[in-house]
Amino acid sequence: MSDVGAAIGISLALATVRKAVPLVFASTGGFFSERSGIINIGLEGMMLFGAFSGAIIAYFSHNAWLGVLGAAFVGGLIGCLHAFATIQLKANQIISGVAINMLGAGTTVFLSQVFIHGERSFSLAPQDRLPALGPFLPLTYIAFGLAIGATVFSYYTVGGLRLRAVGEHPRAADTQGVRVNRIRFLGVVTSGVCAGLGGAYLPFFSGSFAKNMTAGQGFIALAALIFGKWNPMGALAASLLFGFADALQETLQGRAHLPAQALQMVPYVVTMIALAGVIGRSIPPASIGKPYEREVTEAST
Amino acid sequence: MVLENIGQRQQHSDGRSVAIRMEGITKRFGSLVANHDIDLSVYQGEVHALVGENGAGKTTLMNILYGMVRPDSGHIFVGTTELPVHRGFLGPDYGIGMIHQHFMLVRPFSVLENIILGTEPRRGIFLDLVSARRKVVDLMGRYGIEIDLDRRVEDLSVGEEQRVEILKVLYRNARIIIMDEPTAVLTPQEIDRLFETVRMLVAAGHTLIFITHKLEEVMEIADRVTVLRQGRVVGTRSIQEVDPEELAIMMVGRKIEATRPVRRTRSATSLFRLENICLRTPRNLDALSSISLDVRQGEILGICGVEGNGQDELFEVAIGIRKPSSGKIFFQDEEITGLSAARRLRLGIGHIPPDRIRMGIVPGMTVKENIILGRHVEPELAGSFFLKDRAIRNLAVKLLHDYGIVPPAPEADITTFSGGNQQKIVVARELSRKARLLIASQPTRGLDIMATKLIHDSLLEHAENGGGVLLISADLAEIMDLSDRIAVMYRGRILRVLEREHASEEQLGLLMAGVAG
């Protein structure tokens with residue numbers, strides 16, 4: 001292979017990892033929520049909140065790490081909102097998620113205009129951005145560590161066993177003294193924290209916050225979770241695949257004689273093909289989407 | 001502190017100590033009074049049967065004892081300790097375990113994970129599966145229960161799942177064990193095995209509360225029995241002073257006449273025939289394999305088997321909502337393999353589906369509308385565009401009356417009726433369409449004595465009038481009572497077809513378990 005080919009290959013590999021980072025964060029987040037039985041279609045909105053709060057805090061405080069922490073915190077808050085709506089109020093989980101996405105799209109633009117003199121996007125000065133650690137931003141290592149940690153947690157710890165149990169058969173867990181709704185609440189909040197971190201990666205990576213900059217990555221992360229059969233390592237692999245598709249289209253831009261818009265479709269087309277069931281059936285947690293109530297009248301059985 | 005108190009048993013008048021005392025328990029769900037001022041005492045070390053019709057309040061009462069349902073009023077004592085009923089509690093904290101009718105098992109989890117869930121031995125935040133396994137293996141040895149701890153629950157048979165439930169209860173050191181209709185889904189051999197376990201538990205000092213509506217089981221396993229009817233206690237009897245007839249009267253509130261009517265004459269003419277039916281599904285390549293069956297005029301052909309051995313697939317192929325992968329179906333010697341379900345209905349094939357909520361009725365529609373489902377195109381009931389409301393109403397009123405369904409309200413939403421009455425409405429609809437053949441799957445599942453009897457009588461009458469019935473049921477007693485011939489289904493195959501006179505319960509039980517060919 002020519003040197004040019006090798007160089008393209010290496011840059012493609014690096015770009016794949018970089019593009020995968022927000023997906024790894026968000027799909028791991030989705031894992032915590034969905035395994036506990038709560039659908040989280042609001043990952044997109046949670047990421048957007050994370051992206052904005054990370055960027056705006058770094059912009060004003062000149063401290064990138066404070067921005068990262070802030071993004072995690074705001075993501076967690078939005079997670080609380082989703083948890084409150086779906087667990088306490090037993091709202092429809094899809095609708096609550098859609099509401100969060102709309103809230104994210106509207107609120108971040110509005111606040112950006114408030115804080116940055118009517119601008120819907122703003123750039124971060126180099127000193128306000130995260131320093132690279134080797135070839136990647138530090139968040140990259142955190143993302144991969146998080147996915148590994150989630151795997152260890154879910155299969156080797158007491159909390160993980162209970163998390164999976166309440167998503168499969170909450171009543172069985174309840175009869176053994178497991179607090180179903182508490183675990184679900186924690187799952188959804190954790191989900192928000194992860195998605196917030198995934199969102200924060202975006203402005204630090206690109207150097208600026210832009211209106212609606214997540215561009216569907218929350219949904220792609222959800223697809224990665226499903227494609228990865230609802231476990232963190234599977235979701236990680238799927239995130240890398242989607243990251244590769246994105247990196248590929250960027251590499252091909254200007255090289256291949258195809259319209260830019262057609263190439264930009266690639267990650268989304270890959271997502272659709274994956275979801276259409278290339279890799280067998282992905283079985284969701286049995287009780288996903290169903291609010292849990294302890295007392296049901298016998299008339300309904 | 002709580003468990004220490006249980007040692008100081010309260011003495012009962014006849015000298016036996018009381019393990020559980022429930023006083024004045026009342027529980028309402030909306031306007032329904034599930035439990036009305038119930039008193040129940042269970043002696044230490046006895047098997048106490050709790051019997052009653054569906055909706056009598058047995059399960060609610062036990063859910064209250066286990067802490068899953070909070071009563072509106074009443075007190076519960078374990079020994080001399082009063083449970084914090086109104087604050088909320090959970091049975092295992094007071095030595096009470098419950099084996100629910102619908103097993104509380106997480107299907108993708110291993111047996112071991114299911115047993116320890118909620119009471120996991122831990123090292124820091126990590127599961128300590130080694131010591132968990134040691135403890136469970138020890139329990140299995142002590143109680144003679146065998147099961148592979150590493151298998152996933154979704155791969156287990158129903159009998160094995162029940163053993164997991166028993167181990168769960170023992171793992172938590174429950175002294176009082178509630179079993180909610182534990183025999184409903186078992187083969188006769190599995191029932192024998194369960195009863196052995198029950199005797200062993202009692203010998204080891206446990207107290208058992210055994211919910212059932214099968215009276216022969218009460219006579220075999222119980223020391224005392226309490227009968228509930230419509231949320232109230234009818235009475236408690238020692239097993240020596242009671243017989244099944246008296247219990248049945250206590251349960252139903254009046255005498256039930258014998259079910260078995262006169263024998264009918266069968267013709268040799270085939271009414272409905274399956275030839276080498278095979279069905280391959282993505283999940284199961286042998287969902288049905290070479291099934292050949294023949295229902296004759298005036299005959300009830302019973303198909304027995306443990307649920308999940310292809311009965312639902314057979315039903316769906318027979319009524320036409322699923323196409324077989326190969327094989328042929330004949331009705332009155334005409335091939336109908338390619339006909340849709342609607343065409344088959346019109347030819348005279350009625351059906352009672354196994355899951356009435358999913359397939360038998362449309363919840364949210366009125367009784368009247370449910371009664372004409374599939375009949376809405378008959379000229380007596382519908383014109384070319386509009387339904388004939390008066391005729392439909394008259395039909396509904398007549399059927400409600402004939403089947404004794406209360407309240408006789410054709411305009412009421414069908415979900416306001418009890419399960420038994422909903423099923424009667426399905427049966428009434430199917431029989432009133434003058435079908436020649438009736439395909440009935442689990443027609444009395446979950447129904448009480450009176451509703452069951454009415455449906456059995458209807459099926460028998462249908463056969464006496466020259467019609468045919470293909471009866472699919474997991475209830476062996478029902479199959480034995482009604483069938484002229486009995487086919488045993490196991491893993492998608494018909495293992496054997498026996499004349500009723502030559503079939504014994506033991507033999508059928510072995511076949512159902514796939515033992516003996």
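Guide: In this predicted model, the count of aromatic pairs over all chains comes to 14. One of them joins Phe31(A) and Phe32(A).

Visitor: What makes the pair of Phe31(A) and Phe32(A) edge-to-face?

Guide: The centres of the two rings are 5.4 Å apart and the planes stand at 75°. Rings pair if their centres lie within 6.5 Å, and planes over 60 degrees apart count as edge-to-face. Therefore Phe31(A) and Phe32(A) form an edge-to-face pair.

Visitor: Why is Phe31(A) called buried?

Guide: Phe31(A) has a relative accessible area of 0%, and buried means under 20%. Phe32(A), at 10% relative accessibility, counts as buried because that value is also under 20%.

Visitor: Why is the pair of Phe227(A) and Phe242(A) called stacked?

Guide: The angle between the planes is 25°, and planes under 30 degrees apart count as stacked. The centres of Phe227(A) and Phe242(A) are 6.1 Å apart, and the limit for a pair is 6.5 Å, so the rings do form a pair. Phe227(A) belongs to helix α9 of chain A and Phe242(A) to helix α10 of chain A, 15 residues apart, and the pair thus links distant parts of the chain. Both Phe227(A) and Phe242(A) are buried.

Visitor: Which residues do ring pairs link into a cluster?

Guide: The cluster consists of Phe52(A), Tyr59(A), Phe60(A), Phe115(A), Phe122(A) and Phe209(A).

Visitor: Let us turn to the two chains. How many residues of chain B are in contact with chain A?

Guide: In chain B, 31 residues are in contact with 26 residues of chain A. The area buried between the chains is about 2500 Å², and carbon and sulfur atoms give 62% of that area. On the side of chain B, Met68(B), Met104(B) and Leu117(B) lose the most area to chain A, together 24% of what that side buries.

Visitor: How do you know that Glu113(B) and Arg164(A) meet in a salt bridge?

Guide: The distance from N to O between their side chains is 3.7 Å. The rule asks for a side-chain nitrogen of Lys or Arg within 4 Å of a carboxyl oxygen of Asp or Glu, so this pair qualifies. The rule finds 2 salt bridges across the interface of chain B and chain A.

Visitor: How many residue pairs are in polar contact between chain B and chain A?

Guide: The count is 7 residue pairs, with both residues at pLDDT 80 or more. By class, the side of chain B that touches chain A has 17 nonpolar, 6 polar and 8 charged residues.

Note on methods:
Residues are numbered from 1 along each chain as its sequence is written. Chains are lettered from A and ligands numbered from 1 in the order in which they are written. This is a predicted model: local features need pLDDT of at least 70, side-chain atom pairs count only at pLDDT 80 or more; totals for chains, interfaces and linings use all residues. Side-chain values use heavy atoms; hydrogens and water are left out. Contact means heavy atoms within 4.5 Å. Buried area is the accessible area (1.4 Å probe) that two parts lose on being put together, summed over both. A polar contact is a pair of N or O atoms within 3.5 Å; within protein, one must be able to donate a hydrogen and the other to accept it, and residues adjacent in sequence count only if both atoms are side-chain atoms. Ala, Val, Leu, Ile, Met, Phe, Trp, Tyr, Cys and Pro count as nonpolar, Asp, Glu, Lys and Arg as charged, and the others, Gly among them, as polar. Rings of Phe, Tyr and Trp (its six-membered ring) pair if their centres lie within 6.5 Å; planes under 30 degrees apart count as stacked, over 60 as edge-to-face and the rest as tilted. Buried means under 20% relative accessible area, exposed over 50%, partly exposed in between (1.4 Å probe, protein chains only). Helices (H or I, at least four residues) and strands (E, at least two) are DSSP runs, numbered from the N terminus.
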